[in-house]
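Hi,

Here is the structure we talked about handing over. Please open it alongside this email; my notes follow below.

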Amino acid sequence: MISDDILIEKAIEAQGKAMAPYSNYPVGAALLTNNDNIIIGFNIESKAYPTTLCAERVAIFSALSLGHKNFKSIAVVTNDGGMPCGSCRQIIHEFAGDIKIIITDKEKKNQIKTKTKDILPHPFG
Ligand code: THU
């Protein structure tokens, strides 16, 4: 059993690996599979800015590429507790479904626990 706190700690570790030299806005994600594997992601910024990838999508695409298909929850950590962007909400919806989403700043002061359907109502697809 992996607790939300453990998942948050993994997301904080992932945030420390973020490659965000242009925005200076490091984001870490930790995705929990149904088998209790934790797959991390962090934002990876490109010199050609729009080709940047967000932490949540790196975690999900990485998990899918490793063969994981079912997920329980994802923790997302930023410096200020920022919410996942629209593109990441869509990808969470499409590939992980209505999972628990834990959003927090790295000091764990501003924690939000929500679900995909609550942050992406009336989704496409
Ligand atoms: N970013 C994420 O990693 N996840 C989000 O949900 C929103 C934004 C990244 C993209 C970029 O590297 C930086 O945060 C600033 O937008």
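**The ligand and its pocket**

The ligand takes up the space of the largest pocket. Keep in mind that this is a predicted model.

First, the pocket itself. Its volume is about 160 Å³. The lining of the largest pocket counts 14 residues. Nearest the pocket centre are Tyr25, Val27, Asn43, Cys54 and Glu56. Two elements, α2 (55-65) and β3 (71-78), each give at least two residues to this lining. Sorted by class, the lining has 8 nonpolar, 4 polar and 2 charged residues.

**Around the ligand**

Next, the shell. Ser23, Tyr25, Val27, Asn43, Glu45, Thr52, Cys54, Ala55, Glu56, Pro84 and Cys85 surround the ligand. By class, that shell holds 6 nonpolar, 3 polar and 2 charged residues.

Which side chains come up to ligand oxygen atoms? Glutamate 45 does: an N or O atom of its side chain is 2.5 Å from a ligand oxygen. Glutamate 56 does too, with a side-chain N or O atom 2.7 Å from an oxygen atom of the ligand. On its own, the ligand has 370 Å² of accessible area, and the protein covers 77% of it.

**Serine 46**

One more spot to look at. Where is serine 46? It lies in the loop between β2 (38-42) and α2. Its side chain makes a polar contact with the side chain of threonine 51, at 2.7 Å. The serine 46 side chain also reaches the backbone nitrogen of alanine 48, at 3.0 Å.

That is what I have for now. Send me any questions.

Best wishes

Technical notes: Residues are numbered from 1 along each chain as its sequence is written. This is a predicted model: local features need pLDDT of at least 70, side-chain atom pairs count only at pLDDT 80 or more; totals for chains, interfaces and linings use all residues. Side-chain values use heavy atoms; hydrogens and water are left out. A residue is near a molecule or strand if one of its heavy atoms lies within 4 Å of it. A polar contact is a pair of N or O atoms within 3.5 Å; within protein, one must be able to donate a hydrogen and the other to accept it, and residues adjacent in sequence count only if both atoms are side-chain atoms. Accessible areas come from the Shrake-Rupley method with a 1.4 Å probe; for residues, only the protein chains shown count as cover. On a 1 Å grid over the protein atoms alone, a cavity is a set of points where a 1.4 Å probe fits but cannot get out, and a pocket is an open set with protein on both sides within 12 Å along at least five of seven lines; lining residues have an atom within 4 Å of a point. A molecule sits in a cavity or pocket if more than half of its atoms lie within 2 Å of its grid points. Ala, Val, Leu, Ile, Met, Phe, Trp, Tyr, Cys and Pro count as nonpolar, Asp, Glu, Lys and Arg as charged, and the others, Gly among them, as polar. Grid points are joined across faces, edges and corners, and a volume is the space filled by probe spheres set on the points. Helices (H or I, at least four residues) and strands (E, at least two) are DSSP runs, numbered from the N terminus.
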